[in-house]
Amino acid sequence: MGQQKITVPKGTKDILGEEVVWWQKVEEVVREMANLFGYQEIRTPIFEQTELFARGVGEETDIVQKEMYTFQDKGGRSITLRPEGTAPVMRAYIEHGLSVTNPRVKWFYLGPMFRYERPQAGRMRQFHQFGFEALGFSSPAVDVEIILVAYLIYQELGLSELTLELNSLGCEKCRPSYLSKLTKFLEERKDNLCANCVRRLEKNPLRVLDCKEEGCQNLFKSPSFPVIEEYLCSDCQNHQFKVEAGLENLGISYQINPFLVRGLDYYTKTAFEVKTGQLGAQDAIGGGGRYDQLSAALGVPGVAGVGFAAGIERIVLLLEKTQQETRPKKVPCLYLSPLDEEGEKQVLRLARELTKWRVPFYCDFADKGLRYHLKKAQKSGVKWVLMVGQEEIERGGFSLKNLTSGSQVFLQEDELLRLLQKEKSLC
Ligand code: AMP
């Protein structure tokens, strides 16, 4: 009996074929926008010391409580596969002494994240995010810049009908008074809270606002439910006012959502989320905010920060759903058909020349004759087919067929290269 087939682990997937072209498109737009706004790339390790996330994301968050891939390495250290990108970025900022040498940095990243969640469409255990982080900036204009970067990336990808939700989470000065009001309100209605929220109420009441359970949601609808907006200090109010004015100035519409607390503990002031109505339950395609308290949790108080992260899987799902007609195609300019062994040698020699001229090509090297090659070329959508067999070698050149017009010419190598160089932009 044969051995059992090995499949990808639950909650992960291979990205290949036509889908990968979308991924490349997203990455291209992200890199381009980063370049235009002057955000440099940062690549942090895929695993970190567990403590970084315990302290940086927050002990009471779902991520730390339930979702981390944590293990002991062979040296007995507790290691965690990164569930998000902001805490590692702040760790790197601190570790490299930037708060002293270069306190204002703008970074972006792209890469896999890991969360042990219940997988479903748009919710994976290994998923991918791109993120933008501005460290050392406390001006609300930078919050607006971050939202603008996100907005322009979605726009460049052709994604519309998105909603931007905005909230302010206050700061260490004003949040305590809100929390005590919230706690009092919830304590008095403890019987209506789900078991999880009863625990959250003790450890971190703000997290209750994140709950999707019906009983808890019903409480939020009560007219006497305390909303954070009414408890903000003047500094936070002013900050929020400037963010809103900045968005209005850019014509970016938003909705205030007083229940938006985001899944991470370190947010202060601005919190935002970008949502779509087209992906069912997994409607968040990006989110972020200000995290002026994160650096203190990592031992260096006083580093302001604002950023956002977006999930590439969900963006690609949305692109596949709404942008089919504009799906980028990756078709080479030229299909090379060697018709015998000598032809193969010629083709490989020519391949090297074509790379110098930056002409994209594809070669199958199947020993199957012209009919096979022509069929394959036609199927791939390529414009030009180049044939090299005994006849071409004897005549010292190549046969080139235009699959669009059906015409065929015989060319010397220099003529061929010149023609393709000219034609490649039309392929
Ligand atoms: P977060 O780091 O939780 O704020 O998430 C930022 C974005 O990452 C979300 O808006 C989603 O688009 C995406 N995301 C978060 N968790 C997952 C997941 N398990 N699978 C796929 N995408 C995710």
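Colleague: Hi! What span should helix H13 have at 1.5 Å a residue, and how far apart are its end C-alpha atoms?
Modeller: Hi! This is a predicted model, and in it the 16 residues of H13 (residues 341-356) should span 22 Å at 1.5 Å a residue. The end C-alpha atoms are 24 Å apart, which agrees.

Colleague: Nice. Which residues in H13 are buried?
Modeller: Gly343, Val347, Leu350, Ala351, Glu353 and Leu354 are buried in that helix.

Colleague: And what do the buried residues of H13 pack against?
Modeller: They pack against several elements, including strand E12 (334-338), strand E14 (384-388) and helix H16 (413-423). Helix H15 (390-395) is also among them.

Colleague: What happens at the start of H13, and what follows the helix?
Modeller: At the start, a side-chain oxygen of Asp340 comes within 3.3 Å of the backbone nitrogen of Glu342. After the helix comes Arg358, with a positive phi near 55°.

Colleague: Switching to rings: how many aromatic pairs does the structure hold?
Modeller: There are 16 aromatic pairs. One of them is Phe220 with Phe225, edge-to-face, at 5.3 Å centre to centre and 65° between the planes. Both of these residues are buried.

Colleague: What about Phe220 and Phe259, and why is that pair called stacked?
Modeller: Their ring centres are 5.1 Å apart and the planes meet at 25°, so the pair counts as stacked, because planes under 30 degrees apart qualify. The pair also links distant parts of the chain, 39 residues apart: Phe220 is in helix H9 (residues 214-220), and Phe259 is in the loop between strand E8 (255-256) and strand E9 (268-276).

Colleague: How accessible are those two, Phe220 and Phe259?
Modeller: Phe220 has 7% relative accessibility and counts as buried, whereas Phe259 is partly exposed at 23%.

Colleague: Which residues form an aromatic cluster?
Modeller: Tyr39, Phe108, Phe130, Phe132, Phe272 and Phe308 form one.

Colleague: Where do the charges of Lys106 and Arg395 sit?
Modeller: The charged end of Lys106 is over the ring of Phe137, 5.2 Å from its centre. Arg395 lies over the face of Phe410, at 3.8 Å from the ring centre.

Colleague: Last topic, cysteines. How many disulfides are there?
Modeller: The count is 0. For Cys171, the nearest cysteine sulfur is that of Cys236, 3.5 Å away. Cys171 itself is buried, with a relative accessible area of 4%.

How values were computed
Residues are numbered from 1 along each chain as its sequence is written. This is a predicted model: local features need pLDDT of at least 70, side-chain atom pairs count only at pLDDT 80 or more; totals for chains, interfaces and linings use all residues. Side-chain values use heavy atoms; hydrogens and water are left out. Rings of Phe, Tyr and Trp (its six-membered ring) pair if their centres lie within 6.5 Å; planes under 30 degrees apart count as stacked, over 60 as edge-to-face and the rest as tilted. Buried means under 20% relative accessible area, exposed over 50%, partly exposed in between (1.4 Å probe, protein chains only). Helices (H or I, at least four residues) and strands (E, at least two) are DSSP runs, numbered from the N terminus. A charge sits over a ring if NZ of Lys or CZ of Arg is within 6 Å of the ring centre and within 35 degrees of the ring normal. The expected span of a helix is 1.5 Å times one less than its number of residues. Contact means heavy atoms within 4.5 Å. A polar contact is a pair of N or O atoms within 3.5 Å; within protein, one must be able to donate a hydrogen and the other to accept it, and residues adjacent in sequence count only if both atoms are side-chain atoms. A disulfide is a pair of cysteine sulfur atoms within 2.5 Å.
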